[in-house]
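Q: I have the sequence and the model open side by side. Could you walk me through reading a few features?

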Amino acid sequence: MGREWLFSLIPLTIGVLSLAFGIYGMRYARSLRRHGVDARARIVRHEVSRSDEGTTFYTPVAAWTDRNGRACEHTSRFGRGKVASAFRVGADVTVRYDPHKPDRFEIRGWDIKWMDLSATVLGSIFTAGTVGVLLVRLLTL
């Protein structure tokens with residue numbers, strides 16, 4: 001079989017990482033749906049980052065007071081290339097947060113629910129496809 005099988009580690013690694021990211025995100029969202037608490041929040045700033053290709057991403061930071069009266073200020077999981085007026089600095093938004101760990105939260109309308117699902121589906125396809133090809137290669141030696 002030689003060393004060419006090593007190249008199959010690339011799609012396998014991509015698949016496993018995507019699958020892990022997607023499953024984590026889906027469990028995170030499910031936990032917030034079941035145990036989360038809604039609160040009114042304000043976007044206080046955007047953290048700006050740039051990709052290696054030069055694309056700029058804006059990730060909102062939301063501030064709110066939890067149900068115990070503690071001030072919370074946390075950065076969203078997702079950044080975007082553009083900021084809609086509903087999420088500009090100073091905008092009032094609704095967050096859903098875990099009352100035991102307020103840094104686990106989502107900004108309603110900003111966080112991308114389909115991103116976790118698509119990562120899970122693509123990760124499953126890459127992983128299953130690569131494992132299938134490797135099994136066929138092993139069985140036909």
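This is a predicted model: local features need pLDDT of at least 70, side-chain atom pairs count only at pLDDT 80 or more; totals for chains, interfaces and linings use all residues.

Q: Which residue forms a salt bridge with Asp 116?
A: For the general idea, look for a side-chain nitrogen of Lys or Arg within 4 Å of a carboxyl oxygen of Asp or Glu. Here the partner is Arg 77, and the closest N and O atoms are 3.3 Å apart. Asp 116 sits in helix 2 and Arg 77 in the loop between strand 3 and strand 4, so this pair ties together parts 39 residues apart in sequence.

Q: Over the face of which ring does Arg 77 lie?
A: That's Tyr 28: Arg 77 lies over its face, at 4.7 Å from the ring centre.

Q: How many salt bridges does the structure hold?
A: It holds 8. One of them joins the side chains of Glu 73 and Arg 45, at 2.7 Å from N to O. Glu 73 is partly exposed at 42% relative accessibility, and Arg 45 is partly exposed at 38%.

Q: On to aromatics. How many aromatic pairs does a search of the whole structure find?
A: The search finds 3. Take Trp 64 and Tyr 97: their ring centres are 5.6 Å apart, with 40° between the planes, and the pair is tilted. To read the angle, note that planes under 30 degrees apart count as stacked and over 60 as edge-to-face, with the rest tilted. This pair links Trp 64 in strand 2 (residues 56-65) to Tyr 97 in strand 4 (residues 92-98), 33 residues apart.

Q: Is Trp 64 buried or exposed?
A: Trp 64 is buried, with a relative accessible area of 4%. Tyr 97 is buried too, at 1%. Trp 64 also forms a tilted pair with Phe 105, at 5.1 Å centre to centre and 50° between the planes. Phe 105 belongs to strand 5 (residues 101-107) and Trp 64 to strand 2, so that pair ties together parts 41 residues apart in sequence. Phe 105 is buried as well, at 2%. Trp 64, Tyr 97 and Phe 105 form one aromatic cluster.

Q: What about the outside: which residues form a nonpolar patch on the surface?
A: The patch is made of Phe 7, Ile 10, Ile 14, Met 26, Leu 117, Val 121, Leu 122, Ile 125 and Phe 126, with about 860 Å² of accessible area together. Helix 1 (9-35) and helix 2 (113-139) are the elements that give two or more residues, and helix 2 gives the most, with 5. Phe 7 is in the segment before helix 1 and is exposed at 61% relative accessibility.

Q: Which residues does Met 26 touch, not counting those up to four places away in sequence?
A: Met 26 touches Asp 116, Leu 117 and Thr 120 on that count. Met 26 lies in helix 1 and is partly exposed at 35%.

Technical notes. Residues are numbered from 1 along each chain as its sequence is written. Side-chain values use heavy atoms; hydrogens and water are left out. Rings of Phe, Tyr and Trp (its six-membered ring) pair if their centres lie within 6.5 Å; planes under 30 degrees apart count as stacked, over 60 as edge-to-face and the rest as tilted. Helices (H or I, at least four residues) and strands (E, at least two) are DSSP runs, numbered from the N terminus. Buried means under 20% relative accessible area, exposed over 50%, partly exposed in between (1.4 Å probe, protein chains only). A charge sits over a ring if NZ of Lys or CZ of Arg is within 6 Å of the ring centre and within 35 degrees of the ring normal. Patches are made of residues with over 30% relative accessible area and no salt bridge: like charges are joined within 9 Å, nonpolar side chains (Val, Leu, Ile, Met, Phe, Trp, Tyr) within 5 Å. Accessible areas come from the Shrake-Rupley method with a 1.4 Å probe; for residues, only the protein chains shown count as cover. Contact means heavy atoms within 4.5 Å.
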